[in-house]
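Visitor: I should like to learn how to read the strands and helices of a model. Might we work through one together?

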Amino acid sequence: MTRQPVPAAESAEEPLRVVDFAPHDALLREDVKTVGALVGDILAEQRGPQFLAEVETLRRAAIRRRESNAPVGELAQALAGVELEHAGDLVRAFATYFQAVNVAERVHRIRRRRDYERQGASRQPGGLRDVLATLAAQGVSLEEVVALLQRLRIEPVFTAHPTEAVRRALLEKERQIVTCLIDDIDRTRTPYEHRADLERMRLALTASWQTAETPPVKPSVADEFEHVGFYLSDVLYRVLPVFYELFEDALRETYGEHVAMPAVVGFGTWVGGDMDGNPNVGADTIAASLAGQRSLVLGAYRQEVAALGELLSQSLGRIGVAETVLARIEEYRYLLPKAAAALKPRHADMPYRNLLALIAARLRATTEDHVNGYPDAAAFLADIRMIEDSLRTHQGEHAGGHAVRRLRRRAECFGFHLASLDLRQDSATHDAALAEVLGDAQWESRTREKRAQRLHHLLDGSEPVRGVGNGTARPTLDVFRAVARLRPRYGAHAFGPYIVSMSRSAADALAVLALARVAGCIDSEGRVPLDVAPLFETVDDLDAASDTLRALFADPVYRRHLAARGNRQVVMLGYSDSAKDGGMLASRWALQRTQIALTELARESGVRIAFFHGRGGSISRGGGKTERAVIAAPRGSVDGYLRLTEQGEVIHRKYGIRAIALRNLEQATGAVLRATLRPRPPEPREETWRAIAGELARDARAHYRALVHENPEFPAYFRAATPIDVIERLRIGSRPSKRAGSGDVGSLRAIPWVFAWSQNRAGLTAWYGVGTALTKALDTHGRDTLTEMARDWPFFGTLIDDLEMMLAKSDPGIFEQYSRLAGELHERFHPGIAAEFERTRAAVLAIKGSDELLAGDYRLRQSIRLRNPYVDPISVLQVDLLARWREAGRPDDALYQALVATVNGISAGIQNTG
């Protein structure tokens, strides 16, 4: 049908005139115009037509500046000295516009997927149908795939790192807008339905405008749980069985046979268990998070069981039912007499409906901790499987079997725990606790060998415990006591690995076993029931990881523990601190080299090493496309296993909409299948390429560290040229932004470090030092060699692509405005930083053989151009507000609140924040 033009867009200059949409993106253009026009109407209604005209004037100025590559002056002049209340409204207006763009783009991703599916023969690249067809063409047999499925594991882990702070109330309103756009995704709505959709979107957008973006108090761990729980219980709970159905369909289509899929997907969380540097997390939050997760998943089961009861109305006079089902009804009549008495007499001939009503009652009793509740998730799962089996054997496959199977899939994955809770603590905290336990004030200064020896004695009982009172050790021991108490209640899968930050020796892993044993955290056979995962974070620690694990595997005590855990060692790789330590290029190469070395060590030692990738949202913290990162990993390092952190705004972008969450699970799984079943063949040129990568990492790290860590004036420049002083006071996470320390860059956590450089639009953390290294390599090895590396070596190609994206998102002109806030330090630092940016840009373009950044990535280039006219005014306004706030002595007043609004706005606009 022909859509009527959007009236509100006609009075203003064409909002999208500088963005070229491809023909197949015409509906995206329509959606952006529709939602953008609604935003304009709301701004005029809420703040007046003159306010909307001012927003339009600023937007046009931003477009002119971009098109003519003009200085920032016109924008800065227009925004200088804006009244505080007005500043907050301007920021909110621009942020609302590009949040509408974000939603429209996500919905368009769903539209593109549907287009692929409608075409039938055309498979969406990276999807399971595409991957399995490619593998089959490469000679992979069904037997090989089935063998891999037995050990395949995909496990996203959600953290609470504070780089995005969308309130749940706003998430719900965004979902309403998404629903309306999806309902009309193919333009099949009637005029009446379309008007109703517009009104629903107008309501959601207006209510969002009238809702504060951040809460008035700093979020607690419980608030962070609520945020992550939204994605687990409202999105992934629904998506999970659909993923398995798509996988089974793709296998059937490719190989012509049905394959019964084992459980290959699980989820983890750090909320309530990440103690590293967060005094608000400990035994109490561990218990609270697990209880909250249990409550969420039991509530979801109860709703689904009630719906199944309405669906499964089979009568005994019409169809047979398994005797086990009838026997379970009688058993539950005795176990749950009140629920049995509430069964309706007219449903007496409906066994499934009666059993499901009793199952719902037992779930309710489980929630309330009554004695007649389920003892564990396995008992609940047994009931669901019983119903599924009965339906299958009594012609019920198409009379409810599909719906029961979906519930069974969910119960297999989520159990009564919803997601595995990882525990993380710094090795120094363990050492402090052990110093008290052993009565040794010098414990931390003992050699690694001495510490390992005494830990052996502590583990075998020959070393007496001298202190477990109310001192330093108590919070740490309480954590292990909580694990021992809670594990039987929530199940063996309730806890993920125990991660040891700043791991540097075998003694750091043995410390976990010793403290657990002292606290009584052992199973019925006297073993510690936790995987211990060393986390290697700095470049030096990554380089030493192979020696550390070799010593650990040679330790007889630890090797016995490993055997009890299935001879699988989880190793966490830290992308964030290694990049802050040595720069992005040095970090990437250290991580690649470490995986190569540890994969070889795994082959030698007979231990399966499972890599856990601690990736952040930004490129400099390991962000980027998961699919490409998996393919770029060293041969043999993936081995059917992908566990990675999902942080900050990435969670919302990847898991905020069910269809997109499903696509992300498909892409990650497909990449693991490819990397495991048909890894890249050996490449004779790779030895040379690795040597060049080593040179690049060395030169980039030296240049980066000379600025960031070795120049004594740089910390002062950093604090002046970025809004770090605002970020440190944000109320968007329970975790402090700093570790204990002197206040220099080294004591700052990686997340606010990257966050600050993304806010001022420099993106320095991704590219500084890289330009110098690439320029030297181009001179030494020639452009053809580096172009060949980018084309034929996934590791280097992915690095160059990620670098190109960050350069395209950076804005040197706007960054210069921030730099000038540093006064005299601007002249000392800015010229060198600006020159390094240009070196990096020139080197990337030379390697790419291109005259323009992102020339080969139309979608990303379009996405950035859509947002820039709305992000740029917020950035310029932030510079002005920062200067005024600092001059006033950094008060916690309306000026600060306006600055917070700019931080949130820029984060939503550039998306890769921290």
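**Reading strands and helices**

Guide: Let us begin with strand 3, where 7 of the 7 residues are buried, so this strand is largely enclosed by the rest of the structure. Please note that the model is a predicted one.

Visitor: Which residues point one way from strand 3, and which the other way?

Guide: Ser420, Asp422, Arg424 and Asp426 point one way, while Leu421, Leu423 and Gln425 point the other way; all are buried.

Visitor: How should I read the pairing of strands?

Guide: Strands of a sheet pair through backbone hydrogen bonds, in either a parallel or an antiparallel sense. In this model, a closed barrel of 8 strands runs in the order 1-2-3-4-5-6-7-8, with parallel pairing.

Visitor: How many bridges join strand 3 to strand 4?

Guide: There are 5 bridges between strand 3 and strand 4, which run parallel. Gln425 has Val500 in strand 4 as its bridge partner. Val500 also has a bridge partner in strand 5, namely Pro534. Strand 4 and strand 5 run parallel and are joined by 3 bridges.

Visitor: Is strand 5 mostly covered or mostly uncovered?

Guide: Strand 5 (residues 532-536) is mostly covered, with 5 of its 5 residues buried. Val532, Pro534 and Phe536 point one way from strand 5, and Ala533 and Leu535 point the other way.

Visitor: Which helices should I examine alongside strand 3 and strand 4?

Guide: Helix 18 (residues 473-490) lies across strand 3 and strand 4, and runs at about 170° to strand 4.

Visitor: How does one describe two helices that pack together?

Guide: Two packed helices are described by the angle between their axes and by the distance between those axes. Helix 29 (residues 714-721) and helix 31 (residues 750-759) pack at an angle of about 60°, and their axes are 10 Å apart. That angle makes helix 29 oblique to helix 31.

Visitor: Which residues of helix 29 and helix 31 meet?

Guide: Phe714, Tyr717 and Phe718 in helix 29 meet Trp753, Ala756 and Trp757 in helix 31. The residues of this contact divide into 6 nonpolar, no polar and no charged.

Visitor: Why is helix 31 described as largely enclosed by the rest of the structure?

Guide: The description applies because 10 of the 10 residues of helix 31 are buried. Among them are Ile751, Trp753, Phe755 and Gln759. Helix 31 is followed by Arg761, whose phi is positive, near 70°.

Visitor: What span should I expect of helix 27, and what is the distance between its end C-alpha atoms?

Guide: At 1.5 Å a residue, the 20 residues of helix 27 (residues 658-677) should span 28 Å. The end C-alpha atoms of helix 27 are 28 Å apart, which agrees.

Visitor: How many residues of helix 27 are buried?

Guide: Helix 27 is mostly covered, with 17 of its 20 residues buried.

Definitions and conventions: Residues are numbered from 1 along each chain as its sequence is written. This is a predicted model: local features need pLDDT of at least 70, side-chain atom pairs count only at pLDDT 80 or more; totals for chains, interfaces and linings use all residues. Side-chain values use heavy atoms; hydrogens and water are left out. Axes are lines fitted to C-alpha atoms, for helices over the stretch in contact, and angles run from 0 to 180 degrees between N-to-C directions. Helices (H or I, at least four residues) and strands (E, at least two) are DSSP runs, numbered from the N terminus. Angles under 35 degrees count as roughly parallel, over 145 as roughly antiparallel, 65 to 115 as roughly perpendicular and the rest as oblique. Contact means heavy atoms within 4.5 Å. Ala, Val, Leu, Ile, Met, Phe, Trp, Tyr, Cys and Pro count as nonpolar, Asp, Glu, Lys and Arg as charged, and the others, Gly among them, as polar. The expected span of a helix is 1.5 Å times one less than its number of residues. Buried means under 20% relative accessible area, exposed over 50%, partly exposed in between (1.4 Å probe, protein chains only). Two strands pair if DSSP finds at least two bridges between them.
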